[in-house]
Amino acid sequence: MKDIPAPQRRLSKDSIKVWLINEILSNAIGLCILGLLLYLGYYFSWKEWIAWIIMGLILFTIIDIGFSPFKLKRRYQHWRFGVSKEFLQLRSGALFQKHQVIPMTKIQSVSIHQGPLLRKYKLYQLKVNTITTRHTIPPLDEIEAMVLRQQIASYANVKERDA
């Protein structure tokens with residue numbers, strides 16, 4: 001069996017910004033919900049231990065917000081992907097590394113997705129479907145995502161369907 005070279009291609013640098021904004025928004029929503037629960041606990045005179053648990057969760061969320069830039073930078077540094085005529089490779093993780101090798105013959109469809117936050121930075125996510133799983137390549141630049149989608153589709157012999 002021949003050796004498969006490790007994937008070398010990186011995500012877009014703007015992916016860190018998108019992840020950070022997403023993380024801040026989700027943590028802000030979580031803090032609002034926890035704050036509402038704390039108020040309801042006070043208003044309806046819930047048991048005191050419930051308030052302590054909620055305050056602990058609020059403190060944990062605030063600490064998590066402080067570490068977010070470091071976590072996301074680390075995620076960016078360790079995310080790699082590679083494409084060849086035979087395989088699509090995805091590698092991620094610093095402490096718990098995950099290296100996936102997907103044979104091109106198993107790929108059934110490939111698509112690009114863009115939400116409002118990704119649209120602001122002109123980024124796309126690439127989704128690759130096999131029979132059993134869906135693999136996602138996080139934010140890529142617009143041109144790179146289009147080229148990569150076309151490249152994977154041609155290597156995997158994926159036919160475009162008319163809507």
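1. Where does Leu37 lie? Leu37 sits in helix H1. Bear in mind that this is a predicted model. At a relative accessible area of 32%, Leu37 comes out as partly exposed.

2. Now the helix pairing. H1 covers residues 15–43 and H2 residues 48–78, and their axes come within 10 Å, crossing at roughly 180°. Angles over 145 degrees count as roughly antiparallel, so that is what H1 is to H2. The contact between H1 and H2 has 17 nonpolar residues, plus 5 polar and 5 charged.

3. On to the charges: the whole structure has 4 salt bridges. One of them joins Arg9 to Glu144, with the closest N and O atoms 3.4 Å apart. This pair ties together distant parts of the chain, since Arg9 is in the segment before H1 and Glu144 is in helix H4 (residues 142–155), 135 residues away. Both ends are partly exposed, Arg9 at 28% relative accessibility and Glu144 at 22%.

4. Asp14 pairs with Lys17, the closest N and O atoms being 3.3 Å apart. Asp14 is partly exposed at 23%, and Lys17 is partly exposed at 45%.

5. Asp64 and Lys71 form a salt bridge too, with 2.7 Å between the closest N and O atoms. Through shared partners, salt bridges join Glu23, Asp64 and Lys71 into one network. Asp64 has a relative accessible area of 21% and Lys71 one of 38%, so each counts as partly exposed.

Definitions and conventions. Residues are numbered from 1 along each chain as its sequence is written. This is a predicted model: local features need pLDDT of at least 70, side-chain atom pairs count only at pLDDT 80 or more; totals for chains, interfaces and linings use all residues. Side-chain values use heavy atoms; hydrogens and water are left out. Axes are lines fitted to C-alpha atoms, for helices over the stretch in contact, and angles run from 0 to 180 degrees between N-to-C directions. Helices (H or I, at least four residues) and strands (E, at least two) are DSSP runs, numbered from the N terminus. Angles under 35 degrees count as roughly parallel, over 145 as roughly antiparallel, 65 to 115 as roughly perpendicular and the rest as oblique. Ala, Val, Leu, Ile, Met, Phe, Trp, Tyr, Cys and Pro count as nonpolar, Asp, Glu, Lys and Arg as charged, and the others, Gly among them, as polar. Buried means under 20% relative accessible area, exposed over 50%, partly exposed in between (1.4 Å probe, protein chains only). A salt bridge is a side-chain nitrogen of Lys or Arg within 4 Å of a carboxyl oxygen of Asp or Glu.
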